[in-house]
Amino acid sequence: MRWQGRRQSDNVEDRRVNGDNGLGGRRGGFGGNMGGGGFGGPGFRLVRGGGVSGIVILVIMFFVLKFVGVDPWAVLFSDGSMPAQTQSQQSGRSVAQGGQVQNDEMTQFVRTILAETEDTWSGIFQSQGAQYPAPSLVLFKDRVSSACGTASSASGPFYCPGDKKVYIDLTFYDELANRFRASGNFAQAYVLAHEVGHHVQNLLGILPKFNQMRQKMSEVEANKMSVRVELQADCFAGIWGYYTEQKGLLETGDLEDALNAAHQIGDDTLQKRSQGYVVPDSFNHGTSEQRAKWFKRGFETGKLDACDTFSGAI
């Protein structure tokens with residue numbers, strides 16, 4: 001991927017300096033499937049109960065409105081919740097806690113990828129008459145505190161809807177290449193684009209509705225719905241990839257690297273690797289085939305309405 005020399009985002013908080021990760025008084029308590037390298041995801045706890053129709057209705061409504069020519073963005077943000085100014089337009093967002101922001105090559109890379117996601121989603125939102133409030137990216141080492149709780153590096157990258165921030169310990173990329181056999185900078189970019197995809201879901205009201213509904217779901221039901229949420233984030237990452245290709249930034253083998261990464265962190269592949277067998281009812285991110293399929297669908301179409309993972313089979 002040709003990323004050098006392009007704009008770098010200022011929406012970055014570097015908490016690696018002097019080991020200051022903003023840790024609060026408690027540790028652990030972080031929900032979702034934060035471990036295993038499947039990517040962090042929404043970042044809230046599974047709660048037992050029953051019923052899944054609300055989130056399905058919300059998302060179907062979004063895509064049906066698009067189909068019949070009604071602006072779903074205006075409906076979803078009719079309460080004025082969409083800010084008038086995007087965070088990507090704000091200055092002074094590159095914040096180091098306790099010192100200067102590190103400027104190594106990997107830091108430059110993720111700041112560039114974040115900027116590319118800002119440009120892509122700003123353009124998509126603007127085409128619908130809305131503005132895109134970009135998420136902040138928090139770089140941490142070992143452990144970090146967020147509005148969703150405290151997590152360790154073992155949780156993998158994650159998005160917290162409570163503070164609208166993406167969190168990553170950049171050593172995860174070493175694990176991605178060495179443990180999960182997924183190398184290449186476009187595979188690394190896919191990781192970040194997936195978490196930004198969760199931010200888009202949050203803005204569309206999908207994550208808040210999911211969080212509300214899962215309180216009435218059984219663990220098995222919540223896992224099944226979580227798979228659909230995660231696959232949509234993969235598809236949204238693919239949309240970003242579509243526009244990245246349109247800019248001429250991709251090189252030979254980049255798409256294959258991203259699809260390999262999606263395959264390597266599928267629930268079935270991870271479970272086979274760790275325990276020798278699979279437990280489908282415990283899947284909460286999707287199989288290898290599903291993850292690659294939905295990323296590719298977004299990549300090939302570049303359209304939001306191609307990412308309806310909530311209707312029918314996945």
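Reader: What are the ground rules?

Author: This is a predicted model, where local features need pLDDT of at least 70, side-chain atom pairs count only at pLDDT 80 or more, and totals for chains, interfaces and linings use all residues. Residues are numbered from 1 along each chain as its sequence is written, and side-chain values use heavy atoms, with hydrogens and water left out.

Reader: Why is Gln-271 called buried?

Author: Buried means under 20% relative accessible area, exposed means over 50%, and partly exposed is in between (1.4 Å probe, protein chains only). Gln-271 has a relative accessible area of 13%. That value is under 20%, so Gln-271 is buried.

Reader: Where is Gln-271, and what is it in contact with?

Author: Gln-271 sits in helix α9, residues 267-275. Helices (H or I, at least four residues) and strands (E, at least two) are DSSP runs, numbered from the N terminus. Contact means heavy atoms within 4.5 Å. Neighbours within four places in sequence aside, Gln-271 is in contact with Gly-276, Tyr-277, Val-278, Val-279, Ser-282 and Phe-283.

Reader: What makes Glu-116 and Arg-6 a salt bridge?

Author: A salt bridge needs a side-chain nitrogen of Lys or Arg within 4 Å of a carboxyl oxygen of Asp or Glu. For Glu-116 and Arg-6 the N to O distance is 2.5 Å. That is within 4 Å, so the pair is a salt bridge. Glu-116 lies in helix α3 (residues 105-127) and Arg-6 in the segment before β1, so the pair ties together parts that are 110 residues apart in sequence.

Reader: How many salt bridges does the structure hold?

Author: The structure holds twelve salt bridges.

Reader: Why is the link of Cys-148 and Cys-160 called a disulfide?

Author: A disulfide is a pair of cysteine sulfur atoms within 2.5 Å. The sulfur atoms of Cys-148 and Cys-160 are 2.1 Å apart. That is within 2.5 Å, so the pair forms a disulfide. The link is right-handed, with 95° about the S-S bond. Cys-148 lies in the loop between β4 (143-146) and β5 (149-152) and Cys-160 in strand β6 (residues 158-160), so the pair ties together parts that are twelve residues apart in sequence.

Reader: What about the pair Cys-235 and Cys-307?

Author: Their sulfur atoms are 2.0 Å apart, and they form a disulfide. This link is left-handed, with -75° about the S-S bond. Cys-235 lies in helix α7 (residues 219-246) and Cys-307 in the segment after α10 (288-301), so the pair ties together parts that are 72 residues apart in sequence. Cys-235 has a relative accessible area of 0%, so it is buried. Cys-307 is at 0% and counts as buried.

Reader: What pattern do the disulfides follow?

Author: With bonded cysteines counted along the chain, the pattern is 1-2, 3-4. The structure holds two disulfides.

Reader: What makes a set of residues a nonpolar core?

Author: It is a set of buried Ala, Val, Leu, Ile, Met, Phe, Trp, Tyr and Cys residues joined through side-chain atoms within 4.5 Å. The largest has 66 residues, and those with the most contacts inside it are Trp-121, Leu-137, Tyr-173, Phe-186 and Phe-295. Helix α5 (residues 185-204) gives the most to this core, with eleven residues. A second, separate core of eight residues includes Val-138, Ala-151, Phe-158 and Tyr-167.

Reader: What makes strand β3 covered on both faces?

Author: In β3 (residues 136-139), Ser-136 and Val-138 lie on one side, Leu-137 and Leu-139 on the other, and all are buried.

Reader: How do you know that β3 pairs with β1 and β7?

Author: Two strands pair if DSSP finds at least two bridges between them. Three bridges join β1 (residues 12-14) to β3, and these run parallel. Four bridges join β3 to β7 (residues 165-168), also parallel. Leu-139 is the bridge partner of Asp-14, and in β7 its bridge partner is Ile-168.
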